Amino acid sequence: MGKRLLLAVIIADSHIEFQSEILRGVISQSFRANCDTAIIAPMHNFSFDSIHKNAEKQLFDLLFSSRIDGIIYARNSFTTEAIRVHIDDICKQSGKPVMLLDSDEHKNFETTSVDDCEAFEIITDHLIDVHGHKKIYCLTGPKNIFSAEQRLQGYLHSMKKHGITVPKSWWEYGDFWQAAASDMAKRIVSGQLEMPDAVVCGNDASAIQLCKSLTSGGIKVPENVAVTGYDASPEGREASPTITGYNRPNFQLGAEAVRRLYRIITGKICRKVHTENGSLCLGHSCGCEELPSARKTSRSAAVNSRYEKYLLYGDMLFDISSTGSIGAFADRLDNYTFYMSRMQRIRICLTENFIDSTASSAVELSEKLSFSRNSTMQTILAKCASGREYDKAIRFASDEIIPDFQEENRNYPTAFFISPLHYNDNFFGYSAISFGKATVSYPSLYLQWINYVNVYAQSSIIR
């Protein structure tokens with residue numbers, strides 16, 4: 001068997017449904033193309049500067065690995081331009097082909113995008129054709145962000161198609177979050193902005209906040225003003241009123257990015273996974289009847305919710321923090337991997353520098369622990385769904401990322417989420433988790449699980 005391609009994915013907030021759907025498409029198409037996948041997923045986003053978050057940037061040095069053949073980069077999932085530019089530079093220096101997701105044209109990288117314009121036009125059409133609204137405002141996302149501009153154009157196309165003249169005061173750029181929606185609602189309530197028939201929002205977060213703020217000001221939704229979102233997110237389905245939105249084909253975005261990158265790397269076209277088209281998802285916020293399935297909770301979500309309570313109120317943190325050696329820590333941690341629903345394999349990989357520091361008799365570490373493309377790693381816990389894999393506890397070069405990607409006799413592709421282990425500016429290593437054939441992302445409780453591991457690591461070098 002020839003060398004299997006390894007595709008790296010750089011993405012933030014991979015536990016959020018929007019990103020998880022993209023990753024589901026990436027992993028599904030990678031498996032179809034017989035490619036391995038390494039999702040390099042920081043545990044936090046970079047919305048503000050801190051020692052703790054800056055340490056996570058070291059994980060991106062894995063992109064220099066000679067094992068990686070190409071990179072898929074969800075540039076817009078990162079919240080600040082500073083971290084985007086930082087990752088841009090690393091991607092460029094790596095010399096590997098890079099495929100951006102939903103981004104503006106980039107001078108160095110290719111881009112794969114979803115047509116938000118048509119979808120947003122469908123949402124606006126619904127307000128006009130079904131509900132008879134004409135005075136419709138649009139609150140899109142930040143100016144010059146590709147998806148925000150696409151959604152604004154969809155709104156304008158629909159209004160023009162229906163012969164409705166749109167004054168400049170009817171549409172504005174927002175933040176894809178809450179502040180802009182609160183401000184718009186305040187101006188509507190005060191009369192500074194004329195009362196509209198409806199408002200189309202660039203995403204569900206803005207729509208939810210707009211509904212709350214309008215209702216607090218005495219304006220009923222949808223009786224006085226209809227509101228729509230976009231993402232068809234769990235938050236939108238759980239809101240009151242439920243938010244009308246659009247089930248964006250994020251799965252297809254991820255899958256198409258893999259197919260295009262694969263062709264750039266190999267010159268060949270790989271077989272497609274099945275197509276999952278987007279669709280309008282009706283809620284009560286526009287005036288439609290709430291869908292019976294809108295508030296259903298998946299079995300997976302219910303399991304994760306129950307485990308999250310066990311994790312928060314259980315003994316894991318105290319248990320793993322009271323160990324006196326790396327081996328004892330690994331043995332204790334082995335007892336708590338069950339929190340990861342559907343986990344098939346997990347590896348805890350620590351740097352040689354960290355392991356050596358725990359054996360030191362020094363009272364306190366004299367210099368910070370860092371990570372680079374030249375670090376030596378050791379797997380101190382390797383476990384699969386059926387039990388512990390003691391033969392996997394070996395030292396290896398970080399250039400390999402994890403030994404699993406070097407397996408020559410494995411007759412199936414695999415996907416691992418690689419996340420940093422660190423505390424303040426000390427970088428200890430990284431965790432790697434795989435869900436086997438399931439094309440899913442890790443649950444949000446994994447963030448807390450990793451934080452507990454980090455607390456142990458810090459306590460072990462400061463005595």
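A: Burial first: a residue is buried under 20% relative accessible area, exposed over 50% and partly exposed in between, with a 1.4 Å probe and protein chains only. Here, 56% of the 463 residues of the protein count as buried. This is a predicted model, where local features need pLDDT of at least 70 and side-chain atom pairs pLDDT 80 or more, while totals for chains, interfaces and linings use all residues. Residues are numbered from 1 along each chain as its sequence is written, and side-chain values use heavy atoms, leaving out hydrogens and water.

Q: Which residues is Glu400 in contact with, leaving aside neighbours within four places in sequence?
A: Contact means heavy atoms within 4.5 Å. On that basis, Glu400 touches Phe405 and Gln406.

Q: How do I read the overall build?
A: Count elements, then check the radius of gyration, taken over C-alpha atoms, against the globule rule, 2.2 Å times the number of residues to the power 0.38. The protein has 14 helices and 17 strands. Its radius of gyration is 24 Å, close to the 23 Å from the rule for 463 residues, so the protein is as compact as a globular protein of that length.

Q: What about helix pairs?
A: Under 35 degrees is roughly parallel, over 145 roughly antiparallel, 65 to 115 roughly perpendicular, and the rest oblique. The axes of H6 (residues 179-190) and H7 (residues 204-216) come within 8 Å and cross at roughly 30°, so H6 and H7 are roughly parallel to each other. On the H6 side, the contact includes Met184 and Ile188; on the H7 side, Leu210 and Leu214 are among the residues. By class, this contact of H6 with H7 has seven nonpolar, four polar and no charged residues. Here Ala, Val, Leu, Ile, Met, Phe, Trp, Tyr, Cys and Pro count as nonpolar, Asp, Glu, Lys and Arg as charged, and the others, Gly among them, as polar.

Q: At what angle do the axes of H1 and H9 cross?
A: Roughly 40°, with the axes of H1 (residues 17-32) and H9 (residues 250-266) coming within 6 Å. That makes H1 oblique to H9.

Notes: Axes fitted to C-alpha atoms, helices over the stretch in contact; angles between N-to-C directions. Helix = DSSP H or I, 4+ residues; strand = E, 2+ residues; numbered from the N terminus.
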